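Here is a short briefing to read alongside the model. Have the sequence and the 3D view open as you go.

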Amino acid sequence: MRRLFPLPTETPAGPSSGEDREWGLDELADAYAYPDLPDLPDLPDLPAGPGGPAGPGGRPAAAWLRANMVSSLDGAAHHDGRSQQLSSAADMRIFGVLRGLADAVVVGAETVRREGYRPARAREAFVARRAAQGRPPVAAIAVVSASLDLDFSLPLFTEPLVPTLVVTGAQAPADRLAAARRAGAEVVLAGEGAGVDPARVVSALAERGLTRLLSEGGPKLLGQFAAAGVLDELCLSLAPLIAAGDAERIVKGPTLVEPERFSLFSVLEDAGFLFTSYRRKRQ
């Protein structure tokens with residue numbers, strides 16, 4: 001792996017050269033460190049309501065929402081229904097590092113079903129680091145679902161190291177809410193009706209102290225975050241593969257009124273894969 005951007009001489013921390021070599025987990029953790037949260041600007045004003053923000057003017061606690069997605073050269077977000085075939089060993093290392101740095105992994109119910117999600121595993125390289133910060137050994141998995149059409153007998157809900165969160169609306173089906181709680185999941189309300197407000201997802205998790213957020217999709221959920229203006233960073237792995245077919249793009253949803261500008265923050269390369277990070281350009 002080597003750094004392509006910023007230039008090694010311009011990099012304030014981490015590997016000091018662009019030589020092609022295997023990076024350690026600590027180096028990757030430094031490269032993907034979250035910004036200092038106290039310095040983040042507040043999220044947009046939101047009205048009060050179930051699962052809504054607290055604080056002066058109804059402004060939510062500071063949080064940073066990054067997404068981690070993989071794409072083929074021709075824009076496919078998955079191949080034959082799963083993203084694993086577009087991945088690589090280096091991509092999976094970065095995947096693990098991003099999870100090791102996060103407070104919560106936010107994922108849509110469709111992706112949970114399609115990818116066969118399991119609880120986050122404790123990684124020895126991050127357990128001590130997280131403990132020193134007063135954080136649990138792994139990130140919580142937060143499943144966003146309006147209908148709660150989920151199999152609560154799966155290990156994701158019955159065997160996590162920290163309780164799995166289900167993020168839903170205040171008027172979600174009562175029987176499904178009860179099933180989630182019986183399975184040991186914690187319910188987070190992020191919307192006044194039956195649906196889920198993507199901006200409230202961020203604020204509701206932040207109010208629980210989960211401020212370093214990582215979205216692993218899917219494309220529909222990522223599209224909702226983008227439309228709500230709460231996506232701060234996109235970590236995009238570009239695979240040197242052509243998939244063809246009719247696979248979704250990494251973001252799916254209504255066209256934004258104006259395209260949102262992101263700035264290139266980092267580019268790493270390994271075996272032809274490009275690991276990019278773009279951060280939302282703020283006024």
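Which residues of helix 8 (residues 219–228) are buried? They are Pro219, Leu221, Leu222, Gly223, Phe225 and Ala226, where buried means under 20% relative accessible area with a 1.4 Å probe, protein chains only. This is a predicted model, in which local features need pLDDT of at least 70, side-chain atom pairs count only at pLDDT 80 or more, and totals for chains, interfaces and linings use all residues. Residues are numbered from 1 along each chain as its sequence is written, and side-chain values use heavy atoms, leaving out hydrogens and water.

**Around helix 8**
- Helices (H or I, at least four residues) and strands (E, at least two) are DSSP runs, numbered from the N terminus.
- The buried residues of helix 8 pack against strand 2 (64–71), strand 3 (104–108), helix 3 (109–115), strand 4 (140–144), helix 7 (198–207) and strand 7 (212–215), with contact meaning heavy atoms within 4.5 Å.
- Glycine 229 follows helix 8 and has a positive phi, near 75°.

**Helix 7 with helix 8**
- The two axes, lines fitted to C-alpha atoms over the stretch in contact, with angles from 0 to 180 degrees between N-to-C directions, come within 8 Å and cross at roughly 90°.
- Helix 7 is therefore roughly perpendicular to helix 8, a label for angles of 65 to 115 degrees.
- From helix 7, Pro198, Ala199, Val201 and Val202 meet Gln224, Phe225 and Ala228 of helix 8.

**Arginine 3**
- Arginine 3 sits in strand 1 (residues 2–5) and counts as buried because its relative accessibility is 7%.
- Arginine 3 and valine 267 lie 264 residues apart in sequence, yet 6.2 Å apart in space, C-alpha to C-alpha.

Notes
Buried < 20%, exposed > 50% of the residue type's maximum accessible area, 1.4 Å probe, protein only. Parallel < 35°, antiparallel > 145°, perpendicular 65-115°, else oblique.
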